[in-house]
Amino acid sequence: SQRDIELNKSISSHLQYEEEFFRTNTNYSQLRGKAGARFLSLKCNRLLTKHIHDVLPDIKKDIKNRLQAANKELVELGQSPSESINDKRWLLLQLINKFSLEFHNTLFGFSNNVSTKEIIGGARIRYIFEEIFRKKVEKLKPVNNLTIDEYRTAICNASGPKSSLFVPDGAFEALIKQHIHLLREPSLQCADMVMQEVSKIITSIDLKELDRFHILREKINRVIIKVLKKSITGAQTSINNFIDYESSYINTNHPDFHTMSQLREDSSSSADDMPIQSQ
């Protein structure tokens, strides 16, 4: 009791007092051996032992399953690197090679984790070129952006003080250059979309061996993204230069212009063959 605690009564004295109480008290003597601290400790011990006996098989099974899962994960992660510099370099090279191989497989459709919910990887890049970019180019209507007055103005400015029977080359080149520059925006957008898709591939690569090297994984992603940004800058420069090259010189000797040139020659021949009436 609380009074026994206050009086610093020892446990052995308390047990002796309890035993004497159940032995001499006529009201509780029949409970001797069924009540008290000794009986309670034995009862709790039996209950605990029974509970351990009941749950131990499940605990053992759970531990075994967890151990098998941990061993499987360790096999996937690979062996622990030793303290040797050469071994660490070899491990680093192996991880980079596996990362590169996984990127290659995802890009060309050889990955084991094939998504059935969305188009990814190389298939997405092909979709960008064949569907998105192509449709944007097909939607370009350069003729609709110019009015008849603008055509006439371009022809008049290219003709100078002379009147012209046919469209002057200067007017044709001025008009066609405007149409060529319309290709710049969709081309740059296409390059940007491809860059975003490649970045998505990089961040989505799930390589188990890199799960325990978080810093290495972050550095690999950072280096690749840096290379991609440098590459997209070069690609954008090439696109702009190509558009500028095409618009700086209009090659009328191209096969696409042969029909037009033949038409002009036939028209000139017909005009020369016409008889001149005397006034």
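Helix axes are lines fitted to C-alpha atoms, over the stretch in contact, and their angles run from 0 to 180 degrees between N-to-C directions. The model discussed here is predicted.

Q: What makes H4 oblique to H9?
A: The axes of H4 (residues 85-108) and H9 cross at roughly 55 degrees and come within 12 Å. Angles under 35 degrees count as roughly parallel, and 65 to 115 as roughly perpendicular. The crossing angle of roughly 55 degrees therefore makes H4 oblique to H9. The crossing is right-handed.

Q: Which residues of H4 and H9 meet?
A: From H4 come Leu92, Leu95 and Phe99. From H9 come Leu216, Arg217, Ile220, Asn221 and Ile224. Contact here means heavy atoms within 4.5 Å.

Q: How do the residues of this contact divide into nonpolar, polar and charged?
A: The contact of H4 with H9 has 6 nonpolar residues, 1 polar and 1 charged. Leu, Ile and Phe count as nonpolar, and Arg as charged.

Q: Why does the span of H9 agree with its number of residues?
A: H9 covers residues 214-248, which is 35 residues. At 1.5 Å a residue, H9 should span 51 Å. Its end C-alpha atoms are 51 Å apart, so the two values agree.

Q: Which residues of H9 are called buried?
A: Buried means under 20% relative accessible area. In H9 the buried residues are Arg217, Ile220, Asn221, Leu228, Ile232, Ile239, Ile243 and Ser247. Across the protein chain, buried residues make up 18% of the 279 residues.

Q: How many helices and strands does the protein chain have?
A: The chain has 10 helices and 0 strands.

Definitions and conventions:
Residues numbered from 1 in each chain as written. Predicted model: local features only at pLDDT ≥ 70, side-chain atom pairs only at ≥ 80, totals over all residues. Heavy atoms only, no water. Helix = DSSP H or I, 4+ residues; strand = E, 2+ residues; numbered from the N terminus. Expected span 1.5 Å × (residues − 1). Buried < 20%, exposed > 50% of the residue type's maximum accessible area, 1.4 Å probe, protein only. Parallel < 35°, antiparallel > 145°, perpendicular 65-115°, else oblique. Left-handed = near helix turned anticlockwise from the far one by under 90°.
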